[in-house]
Amino acid sequence: MSKELCKLVDHTILKPDAARADVKKICKEAKAYGFASVCINPVHVAYAAELLHESPVNVCTVIGFPLGANTSVIKAAEAKEAIANGADEVDMVINIGAAKEHDYETVKKDVEAVRAVVDPAHVLKVIIETCLLTDEEKVAVCKACQEAGADFVKTSTGFSTGGATPEDVALMYKTVGPRVKVKASGGIRCTKDAEAMVAAGASRLGCSAGVKIAGGE
């Protein structure tokens with residue numbers, strides 16, 4: 001992986017048994033490879049922020065993860081606490097059930113509740129879980145996220161039935177790009193995968209295999 005591609009990677013560890021030693025390891029790797037951020041569960045934000053102090057690597061965390069089924073009040077409180085603990089970026093999961101009911105106003109209000117506590121100095125990415133949506137729903141949800149002030153729309157949690165595809169990335173970019181950026185996440189395991197996502201319109205890549213990819217595997 002080129003240095004320019006490395007700059008797009010959110011080096012990710014979201015497994016439930018991730019410990020401080022794992023977080024320390026990926027922070028060290030992120031600094032060594034010049035990744036954009038480390039993406040970790042909220043419980044580790046303060047520790048990662050301490051480790052990455054004065055580093056160009058951002059601290060990213062997840063909100064309402066992985067189901068998106070928390071209430072908007074809880075998502076907003078979670079985001080507010082994450083930022084207070086040192087998060088630079090938050091990746092929230094939409095209300096997927098509302099999206100499936102085509103209640104896009106509820107989807108929008110859910111994102112707005114988090115955007116209200118995530119000031120413009122911090123990045124808000126919104127996970128739409130593409131594997132659970134039809135193309136029509138993906139388009140409508142992306143538009144709702146744009147209206148709510150999202151900085152990015154993101155394909156996947158990596159914890160559902162599928163991950164990112166170049167086709168979904170292209171559809172999302174066509175719908176809201178370049179004003180709203182696209183993050184591809186889930187199933188990106190090699191340099192070829194990463195390059196395909198970027199070619200389709202992704203400007204950020206969520207990868208747990210970032211080091212292997214950077215090494216050309």
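**View 1. V38 pairs with V59 where strands β2 and β3 meet.** In β3, V59 is the bridge partner of V38. Strands β2 and β3 run parallel and are joined by 4 bridges; two strands count as paired if DSSP finds at least two bridges between them. Helices (H or I, at least four residues) and strands (E, at least two) are DSSP runs, numbered from the N terminus. What you see is a predicted model, in which local features need pLDDT of at least 70, side-chain atom pairs count only at pLDDT 80 or more, and totals for chains, interfaces and linings use all residues. Residues are numbered from 1 along each chain as its sequence is written, and side-chain values use heavy atoms, with hydrogens and water left out.

**View 2. Strand β3 covers residues 58-63.** Here 5 of the 6 residues are buried, so β3 is largely enclosed by the rest of the structure. Buried means under 20% relative accessible area, exposed over 50%, and partly exposed in between (1.4 Å probe, protein chains only).

**View 3. Strand β2 (residues 37-40) has buried residues pointing both ways.** S37 and C39 point one way, while V38 and I40 point the other way, and all are buried. Look for I13, which stands opposite I40 in β2.

**View 4. A48 sits in helix α3 (residues 45-51).** Is A48 buried or exposed? A48 is buried, with a relative accessible area of 0%. Setting aside neighbours within four places in sequence, A48 is in contact with V23, C27, V38, I40 and V59; contact means heavy atoms within 4.5 Å.

**View 5. Stepping back, the protein chain has 10 helices and 8 strands.** Its radius of gyration is 16 Å, close to the 17 Å that the globule rule gives for 217 residues, so the chain is as compact as a globular protein of that length. That radius is taken over C-alpha atoms, and the rule is 2.2 Å times the number of residues to the power 0.38. The C-alpha atoms fill a box of roughly 45 × 35 × 30 Å, taken along the principal axes. Buried residues make up 50% of the 217 residues. Among contacts between residues at least 6 apart in sequence, 67% join residues at least 24 apart.
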